[in-house]
Amino acid sequence: MAVTTPQVISFARGVPAPECLAVDDLADCARTVVERDGRTVLSYGSGAGYTPLRSLIGEWFGVPPSRVVLTNGSLNGFVLLAQRLGRGQNAIVEHPTYDRAIKILLGAGATIAAVAVDDEGMVPHELENQLRQASTAAFIYTIPTFQNPTGQTMSAERREQIVAIAQQANVTLFEDDPYGLIRFEGESLPALFDLTGKESIYSSSFSKTVAPGLRVGWFILPEGLAAEITETATSTYITPVLLAQATVHEFITRGLFEPNLRRVNGLLKARRDAMLEALETHFSGASWSRPQGGYFIWLELPVGTVAKDVIERAEGVTAVPGTDFGGAPNTMRLAYSFVSPDEIETGVERLAAAV
């Protein structure tokens, strides 16, 4: 994916703008942690991660810390889970879905079965059809809130339906929720994790709410699976980055997390609004999602238009074609998180000129 330069405006990267990062506060937190606990956090530790942060997350979700596994970014944990659960199994995913999830599952030896998403999320009758056809399914992978790539959010009714279908089929739900707290408007919806009675797999990260470079992701897993993933993690990298995890813990316990989240959401909302306004101004004959949060807008060009060709023709701007996520040829994903509102206006105008 291209990086924004003075010449190229990038709608390709789902990363926070530099001003979203609380650099000074995080530097002070890291300094405090090293001075206070350096002999611990600069050495080897549990493969499950920094114990105080695991305990804190366990309190947030009402589970014992033994069910919480911290990983070097949630994608790292996804790899460990895919290798443990996916080999030789069917993994049911949304269509379209996160491109790296597809690559990880295929690389782990899983077979992918896709279920379409609409404005309310995963389509229930298609999920039922896939479960009938699949003799075994490792799990159902979903990003129910501000989905990557579409930006859509699964409705409350649809969440109940998907949970009921998964439970009836005795198949585990794997809920990926990195964007859930990046909400600009509307009411928060219950996590699938809560609707399953805390029996499903839940994953999230501090990449979008604190800083991606810290690489602190987490999973809430059934007890036995948590122990297995911890053992695999220990065998793979001995210990995760305890300094980063301790820095996040210090950031939270100082009371900095929620004010920072409000600040970040304000910065990102301005960018979301700028992109929606620019699309209204410059694109006719197209349609797009209108997310209440997250990082992405899904653009559908007129049927017959090839989004990849449009991106290649566009001068000084880039995006990701929807086909990278399993989408139709006339779709593309636009990330508004990294560029300024002024750049968004200019970049959307350049894209529209290439259609």
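**Cavity, pockets and a lining helix**

Guide: The structure holds 1 cavity of 30 Å³ or more. This is a predicted model: local features need pLDDT of at least 70, side-chain atom pairs count only at pLDDT 80 or more, and totals for chains, interfaces and linings use all residues. Residues are numbered from 1 along each chain as its sequence is written, and side-chain values use heavy atoms, without hydrogens or water.

On a 1 Å grid over the protein atoms alone, a cavity is a set of points where a 1.4 Å probe fits but cannot get out. A pocket is an open set with protein on both sides within 12 Å along at least five of seven lines. Lining residues have an atom within 4 Å of a point. Points join across faces, edges and corners, and a volume is the space filled by probe spheres set on them.

The largest cavity has a volume of about 50 Å³. Its lining includes Glu94, Val117, Met122, Ile143 and Gln147. By class, that lining has 5 nonpolar, 5 polar and 1 charged residues. Here Ala, Val, Leu, Ile, Met, Phe, Trp, Tyr, Cys and Pro count as nonpolar, Asp, Glu, Lys and Arg as charged, and the others, Gly among them, as polar.

Now the open spaces. The largest pocket holds about 580 Å³. Of its 30 lining residues, Gly14, Tyr98, Arg100, Tyr179 and Lys208 lie nearest its centre. The lining divides into 16 nonpolar, 7 polar and 7 charged residues. Helices (H or I, at least four residues) and strands (E, at least two) are DSSP runs, numbered from the N terminus.

The second largest pocket has a volume of about 470 Å³. It is lined by 22 residues, with Phe61, Asp177, Gly180, Leu181 and Tyr202 nearest its centre. S8 gives the most to this lining, with 3 residues. Its classes are 10 nonpolar, 6 polar and 6 charged.

Back to H3. Residues of H3, including Leu80, Leu81 and Leu85, meet residues of H8, among them Leu225, Ile229 and Thr232. The H3 contact with H8 has 7 nonpolar, 3 polar and 2 charged residues. Leucine 85 sits in H3. Beyond its neighbours within four places in sequence, leucine 85 is in contact (heavy atoms within 4.5 Å) with Ala138, Phe139, Ile201 and Leu225.
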